[in-house]
Amino acid sequence: PTPPPPSPPPPPPPSPPPRIGDVFVAIIGVPETIDLKEALGVDALPADDDVLFFTDAGTCEGADPTLGLGSSVIVFNGTFTAMFSTSGRGLRICNTGTGGTSDPIGLSSIAVDVYSVDAGSSLAVEQVTGEVRLTGNGLNAPVTVESGRTDFAVWVPAGAASTACADDPELWTCIDTFCSNQAATGSPQADLGQGGRNLYTFPDSLDYELCFRFGDTGNRPFQLFNDTRVVSLKMPTVADPNGADLRVVVGVATELHFSGEGTGSGDLAYWSPAGSECVRSGAADLEYGARYGGVQEVVTAAGGALATTVVFESSVASGLELCYGFQGYAGGTFVKVPGVLVEVLEITGPVDEVVVRGMPSLLTFTGQGITSNDTAFWVGVGETNCSAGPSSVFGGEQMVVGGVGTFTFTETTEEVVRAALCYKFAGETVHVLFSNSQLDSYGLDEDQAFELVAGVPKPLPLTGYGIADGDDAFFVRNPSPGSTFDCTAAAPLAALGGLMNVTATVILVTIANAEEALELCYRFQGKPFAHYASVTAQVYQVTGPLGEMFAVVGTTETLAFTGFGVSEGDRVKWINASESCTELPAGHGGTRISTGAYVGGFQEVRAGGVTDFDFFAGGIGLQLCYQFKQQVANGYEPFAPLALDDFSAIAADVTGPSSAFVVNGIEGTIYLEGFGFDSSDEIFWSTDCSAGAAASYTGSLDVTALSDTSASVTFTASGGGVLGLALCYTFRGRSVTAHPDLILDVLELTSLSTQELSSEYQSGFTNGLEPTEAVGVVGVPLTVYFGGIGLSGNDEAFWVPSTATSCTCSEPGCSPFRVSQGGKQRIRPSTLISQFSFLAGASAGAAGMQMCYSFRGLAPAFYPTFTLTMREVRGPVFTIAPRSTVELPIGKTMTFQGIGLAVGDEAFWLVPEQEASITCEEAASSSYNFTGDMAVVEAGGVA
């Protein structure tokens, strides 16, 4: 758009001296009067009639005046007038004296700058705002405070100023007035505030010349620079060579013709989006590339027309605008040609569309220029044009109505090739191949049969072409299997797995109950559901038996299974509730082999659904896993939990303890570990379970069931000590099962002595003569030897008084044994001995003390027939005896008091103060024997 005309230039302020510092300014081609008084002072002024000239040599010495630099001037009253025809900077002023006869001498440091605008010609385009660059000397020179103005340019029609002022005697004033008036009436103009490059809008296709006003002072007039010009070119016009509207089909080479004043071969042109700015050629290539046909050179075509041939790439919007570059215009700048728009015909979609084989598919075409009289067909990808014509494989040629065409493909892309679009716009003569608009024909393979188990999720791998994540499917019951079924009118049923998403060509299916024949509805990428009658599924299900199965480890139980799909060759196994059907069970339902061991983790179903189970490990709440033999694929479905209400199994077994013991004659309780205990169970221990309870050591005993996994039995062994009895168990009236690895030991103490026992007595031999009494002396460690059945190093023993009736005491917190009377002592391993130490004074009540014996941490057993008598000398406490010598031997008779003293006992006296360092036994035959010989105790304790 043409900018509004600017306001007229302001009136000039009072005129300052034409100088900047010590540099005087003159304008080329204009007489300039220069006053030297202020710059040099009165005393330094040249004399009147001195001749001055100007030089750009830098020094006046050897310089001569030149016409271009003002020739020679004469000074009067310190002033002179010069007119320069050549610009320059820093011209020195040289004085040659009166008459110009002296050698030139420079005037101090003052100089003259001559401002000018360089001659030249630029191109512009009418009505287009463009840049014109002015160069020269003094453009935008430093502005003095007094001036307050900048350079100002006005473009006027070439020759108009010269014509207007041709006869005016005041030429310079006339030109200034003419230029000012042109500026006031809106001629192209600019205030050159910063630099010489400014934007102008030339209203007509004319030649223009420059009016320029330097802004170094406030009173500079406009000066005409008629060698500085702009040629304004006329906008080109564009036409279709066929005379029709400008229409270009994307991808089709189209010739466009240009005309207009200033256009010519070698110009450049390109198309750009509506509203965009025109840029130079290189920038256009960088930004648009070949998308809009690229930057094309205007050439002379056949018939002499100026033309370009363009090929638009895809996705180009209609209404493209023309950018035109005249040769030599503004450094390769392009201009937007107003009112020139091109209609782009293009098909942009469908892109990567999908049709389903055998189903009519509505395809919506997108792009530009689509009408209801268009037609389309599809060809195989790889065709370079549409000459092959329509094919029934790709649905033939169809009319486009409302932007939509209906095509029915008869093959998948996998079976043929991908399809590309051939499209003919109404009014055009041929179909155009839009290779970017392609589609695939998808479909599932026929004859895919699947087998499932009711309630068990199963991934079904589908085969076909086009299967992708995001597809979905569901199964239906077809009332007429194999016939046509409208999947678009059906709804997915939760009982048949519901709507299933496809992931990596797989659908995960869970179907609740048995189904004989299901058919698949499949939807590709949001397309309508298609029916595939030959993609089927049958669902197997076990429906019986119901309830709980009870089995005993080591015995065989038989079940008969019923349901759809149950057949000979199926497999079944039991697992613990915490296990998975995919793991081998630890001891349930293995297959017996000849060695009596077990292999595998399943049993095979025989004809009629019958299966034998032989459990070899116990468990409760066992879950059944069933594996159907595939009737189509000739393989097996994975093991899966059997979904029957309240159907589980107990595999009854006794697993512990591996070792138990009781004390003969004393009631004991044994806690059992295992599975399936019941209070109706019976137990006994024997060396041979097959001989029965009557012939066993314990006889039949009742079991108290504490839980499914624990029980207890309480009894009193009365048959004497015995080791290695095997556990024999009867579950709920079933046959007896032997557990030879679960051992019972019946423990018994049979003898004790302070003398070492024979090996027979030590191992529990009894003949009625076995020792059961021990005798000890207070202060002397007592070693007791034990004999019996099942004695061990973990046993303990202690003594209780002869008056005790048990190994316990009635008072709370009391101890049944006394430390002073030997305390509780552990039986030493292998030797089966224990040592007791009685303290002085502890013999009171020690006659006939009774044995308490604790087997392996059990409560102590009371053995009143096993006794201990402790002997002790208790007086006299202090005795005085005369010293006996050889010359006068004097004897001492004394009477000992105590417990257990007897005729024949012996005594001697120990050297004083040695009782702490030596035993009496050691001192008897040493010098520490104070009295020498032993004294033999007589009746009454006399010695």
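**The whole chain**

The accessible surface of the protein chain comes to about 44,400 Å², and 52% of that surface belongs to carbon and sulfur atoms; such areas come from the Shrake-Rupley method with a 1.4 Å probe, and for residues only the protein chains shown count as cover. This is a predicted model, in which local features need pLDDT of at least 70 and side-chain atom pairs count only at pLDDT 80 or more, while totals for chains, interfaces and linings use all residues. Residues are numbered from 1 along each chain as its sequence is written, and side-chain values use heavy atoms, with hydrogens and water left out.

Display the C-alpha trace of the protein chain: along its principal axes it spans about 190 × 110 × 45 Å. The radius of gyration is 65 Å, whereas a compact globule of 943 residues would have one near 30 Å; the radius is taken over C-alpha atoms, and the globule rule is 2.2 Å times the number of residues to the power 0.38.

Switch to a cartoon to see 6 helices and 70 strands in the protein chain. These elements are DSSP runs numbered from the N terminus, helices being H or I of at least four residues and strands E of at least two. Of the 943 residues, 44% are buried (under 20% relative accessible area; exposed is over 50%, partly exposed in between; 1.4 Å probe, protein chains only). Among contacts with a separation of 6 or more, 67% join residues 24 or more positions apart, a contact being heavy atoms within 4.5 Å.

**The largest pocket**

Select F896, A907, F908, W909 and C920, the closest to the centre of the largest pocket among its 47 lining residues. The volume of this pocket is about 2,200 Å³. On a 1 Å grid over the protein atoms alone, a pocket is an open set of points with protein on both sides within 12 Å along at least five of seven lines, a cavity is a set where a 1.4 Å probe fits but cannot get out, and lining residues have an atom within 4 Å of a point. Grid points are joined across faces, edges and corners, and a volume is the space filled by probe spheres set on the points.

Next, select strand 67 (861–875), strand 69 (906–907) and helix 6 (920–923), the elements that give two or more residues to this lining. Strand 67 gives the most, with 5 residues. The lining of the largest pocket holds 28 nonpolar, 8 polar and 11 charged residues; Ala, Val, Leu, Ile, Met, Phe, Trp, Tyr, Cys and Pro count as nonpolar, Asp, Glu, Lys and Arg as charged, and the others, Gly among them, as polar.

Move to P876, in the loop between strand 67 and strand 68 (897–899). The peptide bond from G875 to P876 is cis, with omega near 5 degrees.

**The second largest pocket**

Centre the view on V128, T129, G130, T333 and F334, which lie nearest the centre of the second largest pocket. This pocket holds about 550 Å³ of space and is lined by 23 residues.

Within strand 10, pick V132. V132 counts as buried because its relative accessible area is 3%.

For the second largest cavity, select P657, A660, I670, L672, W685, L727, L742, I743 and L744. Its lining has 9 nonpolar, no polar and no charged residues.

**Backbone stops**

Finish at D447, in the loop between strand 33 (432–444) and strand 34 (448–453). Phi of D447 is near 55 degrees, a positive value in a residue other than glycine. D447 is exposed, with a relative accessible area of 67%.
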